[in-house]
Amino acid sequence: MPDLGPAFAGLLELLGPVIGAALKALLRTVFGMVLLGAVVTLATVYFAAEGSWVRGLIAAVLSLVALAVVTGILAVKNAVMRGLLHGLQKLQLGTRVLKLLFGQIGVTDESAHGERAGAIGRTVERVPLRDAEQRLNTAVSKLLEGRAAQTGMRAWVARKLLTGLLERIQKVTLARFRSEEAQAGGVDLLKVRNELSGVIDSTLASTIAGHLNKLNLLIAGLYVVFAVAIALLLPRVVPG
């Protein structure tokens, strides 16, 4: 794993409680889907069989396969999103990672503005949009280089969390870069970093919470609809 310095080491340490929250969300999702799947599968088999053990067996297999797929998708999504929500709401994870990213492109708390900083300050004050985007994308790629350095369940969850968070911060930051370019003809990196630092956690948390609720309802709903379709169609296509 590349040496990303004390700041990144602190970030990995900070991910500890986030990983714990993610694993709890994963287990809760699996448990909830198993309960839902048991009810749905029993109902599907009952209505699809109509006295035929062949139809009952086919219905059970189809329902359980669909349950396994749905549970896998939801468990991973819930683990990542619930973990990120915990980190954003309780630990200011978005702000910490944002500052780490900008630190990789030369913008830190010590960066100064304008004439007070001389030539060094001006180099970070305003840059062309393409240059700003390239710096950010390079910083994200650098931080993601170490994703596969470790193995195991916790390492896998940590990689998912870090990737999900970095990609979301990258998207928000690039949008802010483009807005700054349209307004001022260039990107003031220090200004963008300071503005986003105050809102990145709440912005990402709100977006993730909304997507998470919709995702759970959509995927669980599709599973139930699929089970209903099995119960209705199987007696018509499979003779007793």
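The structure is a predicted model, in which local features need pLDDT of at least 70, side-chain atom pairs count only at pLDDT 80 or more, and totals for chains, interfaces and linings use all residues. Residues are numbered from 1 along each chain as its sequence is written, and side-chain values use heavy atoms, with hydrogens and water left out.

Confidence was examined through pLDDT, the predictor's confidence in each residue, from 0 to 100. The mean pLDDT of the protein is 85. A value of 70 or more is reached by 85% of its residues. Confidence is highest in helix H2 (residues 53-90), with a mean of 94. It is lowest in helix H4 (residues 118-125), with a mean of 49. Helices (H or I, at least four residues) are DSSP runs, numbered from the N terminus. The pLDDT is below 50 over residues 113-124. Beyond near neighbours in sequence, this stretch has 17 contacts in the model. A contact means heavy atoms within 4.5 Å. Where pLDDT is low, the predicted coordinates should not be read in detail.

The nonpolar cores come next. A nonpolar core is a set of buried Ala, Val, Leu, Ile, Met, Phe, Trp, Tyr and Cys residues joined through side-chain atoms within 4.5 Å. Buried means under 20% relative accessible area, exposed over 50%, and partly exposed in between (1.4 Å probe, protein chains only). The largest core holds 59 residues. Within this core, Phe 177 and Leu 189 touch the most other members. Two or more residues each come from helix H1 (5-49), H2, helix H3 (93-104), helix H5 (129-144), helix H6 (153-184), helix H7 (189-197) and helix H8 (200-237). H2 gives the most, with 11 residues. A second, separate core has five residues, including Ala 48, Ala 59, Leu 234 and Val 238. In soluble globular proteins, nonpolar side chains tend to be buried together.

The structure holds two aromatic pairs. Rings of Phe, Tyr and Trp (its six-membered ring) pair if their centres lie within 6.5 Å; planes under 30 degrees apart count as stacked, over 60 as edge-to-face and the rest as tilted. Tyr 46 and Phe 47 form an edge-to-face pair, with 5.1 Å centre to centre and 85 degrees between the planes. Both Tyr 46 and Phe 47 are exposed. Phe 102 and Phe 177 also pair edge-to-face, at 6.2 Å and 80 degrees. Phe 102 lies in helix H3 and Phe 177 in helix H6, so this pair ties together parts 75 residues apart in sequence. Phe 102 is buried, at 0% relative accessible area. Phe 177 is buried too, at 0%.

Thr 173 is found in helix H6. Its relative accessible area is 0%, so Thr 173 is buried. Not counting residues up to four places away in sequence, Thr 173 touches Leu 98, Phe 102, Leu 136 and Leu 196.

The axes of H3 and H7 come within 10 Å and cross at roughly 170 degrees. That makes H3 roughly antiparallel to H7 (over 145 degrees; under 35 is roughly parallel, 65 to 115 roughly perpendicular and the rest oblique). Axes are lines fitted to C-alpha atoms, for helices over the stretch in contact, and angles run from 0 to 180 degrees between N-to-C directions. H3 makes the contact through Thr 95, Leu 98, Lys 99 and Phe 102. H7 contributes Leu 189, Val 192, Arg 193, Leu 196 and Ser 197.
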